2 protein chains.
Amino acid sequence: MVSAKNASPRAATREAGSGRRAELLAIAGELFASRGFLATTVREIADAAGILSGSLYHHFDSKESMVDEILRDFLDHQRAINDEVLRAHPDARTAIAELIRQSFRAMHRYPHAVAIFQNESKYLAQFDRFEYLSRAAAEFERTWTRVLRDGQRAGAFRGDLNVKLAYRFIRDTVWTSVHWYNPRGRLTANVVAEQYVAIFCDGISEPDRA
Amino acid sequence: MVSAKNASPRAATREAGSGRRAELLAIAGELFASRGFLATTVREIADAAGILSGSLYHHFDSKESMVDEILRDFLDHQRAINDEVLRAHPDARTAIAELIRQSFRAMHRYPHAVAIFQNESKYLAQFDRFEYLSRAAAEFERTWTRVLRDGQRAGAFRGDLNVKLAYRFIRDTVWTSVHWYNPRGRLTANVVAEQYVAIFCDGISEPDRA
DNA sequence: CCGTAGCAAGCAAGTGCTTGGTAGGATCAC
DNA sequence: GTGATCCTACCAAGCACTTGCTTGCTACGG
């Protein structure tokens, strides 16, 4: 149906966002996050958008494509942020604190994508096209554990720390909070982040340091 | 279809477990935990059990009844354990440590139920018959926050701690580990529990004690 | 001969997705 | 201008399939 002639300008429009497309993605993301990917039907997405279910397929190949695009946007952004943090903070302790802060800011900016990534990764990762989810998770783990190990060598973190366990400890604490964290609530991302940094750092920092 | 006459002996059999029934629940629980409740079909459960899907309905009213029974078993057990810990440990700090240890033991004993409780509570809680899930979560929160507040008053935990936030911090860290914790892996429940108790307590304990 | 456990077949509802079509705005040759 | 031509966004209808669950039946051990 789409002629080869149109392929190029069409793709450009999609990259740019095209307005309606972004709207539909936002609607779908909210439903995926709150009800789950499987539990959300294309008819529900269409209803929420005020159109018929078939009309969604003018904008997207499939329901999977929608969640795919939502997740890629978030992961690309977070990857870039992480790299930036590492470049700007050579000190392990401030780097960890900043990674935590940036994680909460991600929840602020991509609340639905983060929730979907948490809830549906396990299910989606079984399909080839979502293999990148596992790769992204592994990359995050490498980033965090490298910082933890560096800090351990530099004497900033306790030597008896199991780095892998500590990473999971932080990850689970920080990222799971997307399930209760309300961006428009009384607790701002910064407040929660600082409390968590405080609890966490004073727990793994060398006690005999000023 | 079930006559009133059979209700009593049948119920007794159910309580006792009846062998096959427990087997089927174990199979269903494993699938619910690994694939998700919605993503698991009754045909898959039946296949795994070596019977036809319709035959499941000789043992259970519905797919919902299966997950209901799995969750109730776990929650009843955990509630009892929590009460026991509170009775045995009047000291807040040892009580918290013991609550954490018992949580990891629960993951050891009810790995599937814990995972299902984590993953599906939000979805299931929308149905009246699963209202007890929200109530159980609220009760757990009361238990933990009471201990935290008591410890704070007694000077065992830092005074500047946001108790509600600290509870979520612990809960998310401890219970989420069911997603990666392998009961038959190298890390035993006790080892992980001790590491977590160490990281956590030294983080929230008054620094100028000992 | 009754109760437990299961089979064989299928139904109603709902699923993601496809198809052929149309309204209406922008673009362009004339 | 103005008509022809596209293109975007959507509708109306429905297809192929899967879902949880039901029904009537049978094997068989105590």
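At what angle do helix α2 (residues 20-35) of chain A and helix α5 (residues 63-88) of chain A pack, and how far apart are their axes? The angle is about 90°, and the axes are 10 Å apart.

## Model and confidence

This is a predicted model, in which local features need pLDDT of at least 70 and side-chain atom pairs count only at pLDDT 80 or more, while totals for chains, interfaces and linings use all residues. Residues are numbered from 1 along each chain as its sequence is written, and chains are lettered from A and ligands numbered from 1 in the order in which they are written.

The pLDDT is the predictor's confidence in each residue, from 0 to 100. Its average over chain A is 86, and 88% of the residues score at least 70. In residues 1-17 of chain A the pLDDT is below 50, and this stretch has five contacts in the model beyond near neighbours in sequence. Two residues are in contact if their C-beta atoms, placed from the backbone, lie within 7 Å. Where pLDDT is low, the predicted coordinates should not be read in detail.

## Overall make-up of chain A

Chain A has 10 helices and zero strands. Helices (H or I, at least four residues) and strands (E, at least two) are DSSP runs, numbered from the N terminus. Of the contacts in chain A with a separation of 6 or more, 62% are between residues 24 or more positions apart.

Buried residues make up 34% of the 210 residues in chain A. A residue is buried if 20 or more other C-beta atoms lie within 10 Å of its own, exposed if 12 or fewer, and partly exposed in between, with C-beta atoms placed from the backbone.

## Helix packing

Two packed helices are described by the angle between their axes and the distance between the axes. Axes are lines fitted to C-alpha atoms, for helices over the stretch in contact, and angles run from 0 to 180 degrees between N-to-C directions. Angles under 35 degrees count as roughly parallel, over 145 as roughly antiparallel, 65 to 115 as roughly perpendicular and the rest as oblique. The helices α2(A) and α5(A) are therefore roughly perpendicular to each other. On the α2(A) side A:Leu25, A:Ala28, A:Gly29 and A:Phe32 take part, and they meet A:Met66, A:Val67, A:Glu69 and A:Ile70 in α5(A).

In chain B, helix α4 (residues 63-88) packs against helix α2 (residues 20-35) at about 90°, with their axes 10 Å apart. Helix α4(B) also packs against helix α6 (residues 111-124) of chain B, at an angle of about 105° and with the axes 9 Å apart. That makes α4(B) roughly perpendicular to α6(B). The residues that make this contact include B:Val67 and B:Phe74 of α4(B), and B:His112 and B:Phe117 of α6(B).

## Nonpolar core

A nonpolar core is a set of buried Ala, Val, Leu, Ile, Met, Phe, Trp, Tyr and Cys residues joined through C-beta atoms within 7 Å. The largest such core has 105 residues, and those with the most contacts inside it are A:Val114, A:Ile116, B:Val114 and B:Ile116. Leaving out residues up to four places away in sequence, A:Ile116 touches A:Gly29, A:Phe32, A:Ala33, A:Phe37, A:Val67, A:Ile70 and A:Leu71.

A:Ile96 lies in helix α6 (residues 92-109) of chain A and, with 25 C-beta neighbours inside 10 Å, counts as buried. Its C-alpha atom is separated by 7.6 Å from that of A:Trp144, 48 residues apart along the chain. A:Trp144 lies in helix α8 (residues 131-153) of chain A and is also buried, with 23 C-beta neighbours inside 10 Å. Not counting residues up to four places away in sequence, A:Trp144 touches A:Leu99, A:Tyr167, A:Ile170 and A:Arg171.

A:Ser121 is found in helix α7 (residues 111-124) of chain A. This serine is partly exposed, with 16 other C-beta atoms within 10 Å. A:Ser121 touches A:Leu133 and A:Ala137, not counting residues up to four places away in sequence.

## The two copies

A rotation of 180° with 0.0 Å of shift along its axis superposes chain B on chain A, with an RMSD of 0.0 Å. Copies are superposed by least squares on the C-alpha atoms of residues with pLDDT of at least 70 in both. The two copies are thus related as by a two-fold rotation axis.

At the interface, 22 residues of chain B are in contact with 22 residues of chain A. Helix α9(B) gives the most to the side of chain B that touches chain A, with eight residues. Of the interface residues of chain B, 100% are also interface residues in chain A, so the copies meet through the same surface.
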